[in-house]
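Reader: Could you walk me through a few packing details of this model, please?

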Amino acid sequence: MSVRIAVVIPTRNRPQLASDAALSLLRQDVPLEIFISDNSTSPDALETFCRRHPRLGYLRPAEELAMPRHWDWAIREAMSRSGATHFSVHYDRKISKPGHWTPLAEAAAAWPDKVVTFNSDLVSDLIPPRRLWQPLWTGKSYRIETATVARAVADGHIMRFPQGFPVLSNCVVPRPVLDAIVARFGDVCDSTGPDAAFLFRFAALYDDYVHHDRSTGVLYAAERSNGQGYLGGKGGDFGDFMKLHGGKPWLEAAPIPGLSLGQNILYHEYELVRRETGARLPPLDRDAVIADLGEQLRYIRDPRLEAAMRDVLVRHGWRGPEPTPLPRRSWREVRDEAVTRMRLALGRDVATLSGMHFASDTKAVDYALRYPRRPHQGADHLALFEATEL
């Protein structure tokens with residue numbers, strides 16, 4: 001079966017980031033249909049950019065939308081305009097690596113009725129300083145059961161799992177899957193967190209998916225990230241996210257309603273779907289979930305905010321233990337980074353090393369594109385997913 005993939009880049013007030021993301025997709029070896037959906041306060045920059053590139057489709061909602069509604073509108077608008085067999089959401093804060101969408105298209109063609117997931121490198125200063133994290137990968141494809149994902153969430157083990165959960169922004173999704181989700185839930189992802197809404201709706205309807213175990217791009221510009229702003233308690237574009245969310249209830253289905261901490265937004269989306277679909281998703285283990293939220297206190301940089309959230313957890317039964325300290329680099333890692341930088345300065349091949357620190361996102365992204373992590377021989381990093389090689 002031949003596949004046609006349409007990629008949607010939802011964006012808001014990030015014209016340069018969205019333009020760079022689109023250019024990285026235009027340079028792929030496989031032809032992609034690319035839509036920029038512009039939810040910005042001013043459309044001029046991106047509208048002009050799209051006119052200069054005829055392969056780009058420009059979408060703009062009639063009014064400013066909250067992020068989940070915008071994503072949902074953009075996906076369904078692309079579906080109405082395109083005859084593509086598969087669809088994907090691409091962060092505006094992501095650069096796709098050259099040539100990496102070809103194996104994704106091949107995986108989609110090999111398993112045309114399956115959602116295909118993939119990984120990304122990450123530039124982040126959530127754990128200072130700014131570092132480039134390059135996940136392990138094999139380049140192979142694996143079958144993962146959605147029941148394993150649901151069980152991990154219900155048991156409060158989200159943070160133990162590497163990338164590979166089928167969140168909307170790391171998936172190539174067959175059109176019939178999107179149609180089925182809309183038929184069952186009324187929309188694709190118009191809830192609180194669009195990535196998580198899709199994840200659990202999909203898990204409630206389907207038994208498995210295919211994981212293409214390779215990092216296809218680099219996520220960066222964490223200072224604009226809604227998710228990092230949420231995890232840290234402030235920063236990024238999270239304030240704008242909440243402004244557009246309006247006065248609606250916030251995380252009301254979560255085990256601790258209204259608490260912006262850790263993975264509480266995922267637990268909220270999980271519980272919304274579980275209540276609607278029943279036995280497909282097991283009940284959340286409340287004690288395990290609260291323990292997981294307690295672990296995420298370590299990401300809160302503001303001591304007063306951290307203390308306030310700690311008090312909330314205690315009132316809901318949390319008794320520790322104290323969050324595990326963020327890992328400190330071993331002397332071997334420090335040595336390996338020094339050797340890598342020396343070899344890089346001499347123009348020689350560099351060793352595989354994840355977690356190097358960089359002075360800027362530009363330097364980190366450039367390094368990730370020039371020096372991808374080498375393939376891993378085993379799939380031990382997927383052991384928690386109970387993945388089966390295809």
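Author: V177 lies in helix α6 (residues 175-185), where helices are DSSP runs of H or I with at least four residues, numbered from the N terminus. This is a predicted model, in which local features need pLDDT of at least 70 and side-chain atom pairs count only at pLDDT 80 or more, while totals for chains, interfaces and linings use all residues. Residues are numbered from 1 along each chain as its sequence is written, and side-chain values use heavy atoms, leaving out hydrogens and water.

Reader: Is V177 buried or exposed?

Author: V177 is buried, with a relative accessible area of 2%; buried means under 20%, exposed over 50% and partly exposed in between, with a 1.4 Å probe and protein chains only.

Reader: And what does V177 touch?

Author: Leaving aside residues up to four places away in sequence, V177 touches D113, V115, F202 and Y206, contact meaning heavy atoms within 4.5 Å.

Reader: Switching topic, how many aromatic pairs are there in the whole structure?

Author: A search of the whole structure finds 13, counting rings of Phe, Tyr and Trp (its six-membered ring) whose centres lie within 6.5 Å, with planes under 30 degrees apart called stacked, over 60 edge-to-face and the rest tilted. F200 and Y270 form an edge-to-face pair, 5.2 Å centre to centre with 85° between the planes.

Reader: Where do F200 and Y270 sit?

Author: F200 is in helix α7 and Y270 in helix α10, 70 residues apart, so the pair links distant parts of the chain. F200 is buried at 1% relative accessible area, and Y270 is buried at 0%.

Methods. Helix = DSSP H or I, 4+ residues; strand = E, 2+ residues; numbered from the N terminus.
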